[in-house]
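Colleague: Can you take me through this one? I'd like the overall picture, then the helix packing.

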Amino acid sequence: MEVRGPTLTLRPPTAEDVPALLELGSDPEVTRWFSWGPYRSADEPAAYVRRARARQDAGEQLDLLVVHREAGPIGVTGLSEWSLRDRRAVVGTWFGRAWWGSGVNAESKALVFALAFAGFGLARVGAYADVRHERSQRALEKVGFTLEGTLRAWHRHGDTQKDVRFYGLLRADWETSPLREVPCDLHGDLPPAFLPG
């Protein structure tokens, strides 16, 4: 399965992507707000690729590599915390530092929203941002998310519980969003574990 846009393609990561993932995820500034990283060896992104496939097959999480038409892999996005009954999931995205502020976030979100709402028929997509991570919060608001509140002690990073801002985007929000107008083509079959029965 691939989701193709004007300059980006979203697809599941493979073993061939390990060197690019190691390069992107070995930057401490990139992983500063994460519960993992930075990567120190190829074994870590290799294990991530294996886990991503297992989580996809189990219907738990859909990880997608963000591939730039000219530059190759530039980051990761995906949908997690699925509730098929409630037709919702949570999006998470990160990019290598060279791509911060470049505009790729908007296109990647346009593609993942098309996959979520048009492909999987979701009613809502949520997102988290650390309460201190203002750049992430601005990025979510810029692509149409609405701040819905603060979840206290929601994420655990190491030995610390982190407060997060929680954002939501409804199908109706997406249907009237400029991101809906971004050309998007879905190629291949949707993973069956994420399709409502």
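**Contacts, fold and packing**

Modeller: Among contacts in the chain (heavy atoms within 4.5 Å) between residues at least 6 apart in sequence, 61% join residues at least 24 apart. This is a predicted model, where local features need pLDDT of at least 70, side-chain atom pairs count only at pLDDT 80 or more, and totals for chains, interfaces and linings use all residues. Residues are numbered from 1 along each chain as its sequence is written, and side-chain values use heavy atoms, with hydrogens and water left out.

Colleague: How many helices and strands in the chain?

Modeller: Five helices and nine strands, taken as DSSP runs numbered from the N terminus (helices H or I, at least four residues; strands E, at least two). Along the sequence the pattern is β-β-α-α-β-β-β-α-β-α-β-β-α-β.

Colleague: And what share of the residues is buried?

Modeller: 44% of the 197 residues, where buried means under 20% relative accessible area with a 1.4 Å probe, protein chains only. The C-alpha trace spans about 40 × 40 × 35 Å along its principal axes.

Colleague: Now the packing. At what angle do H1 and H2 cross?

Modeller: Roughly 115°, with the axes of H1 (residues 18–25) and H2 (residues 43–58) coming within 8 Å. Axes are lines fitted to C-alpha atoms over the stretch in contact, and angles run from 0 to 180 degrees between N-to-C directions.

Colleague: Which residues make the contact?

Modeller: Val18, Leu21 and Leu22 of H1, with Pro45, Ala46, Tyr48 and Val49 of H2. Seven are nonpolar, none polar and none charged, with Ala, Val, Leu, Ile, Met, Phe, Trp, Tyr, Cys and Pro counted as nonpolar, Asp, Glu, Lys and Arg as charged, and the others, Gly among them, as polar.

Notes: Buried < 20%, exposed > 50% of the residue type's maximum accessible area, 1.4 Å probe, protein only.
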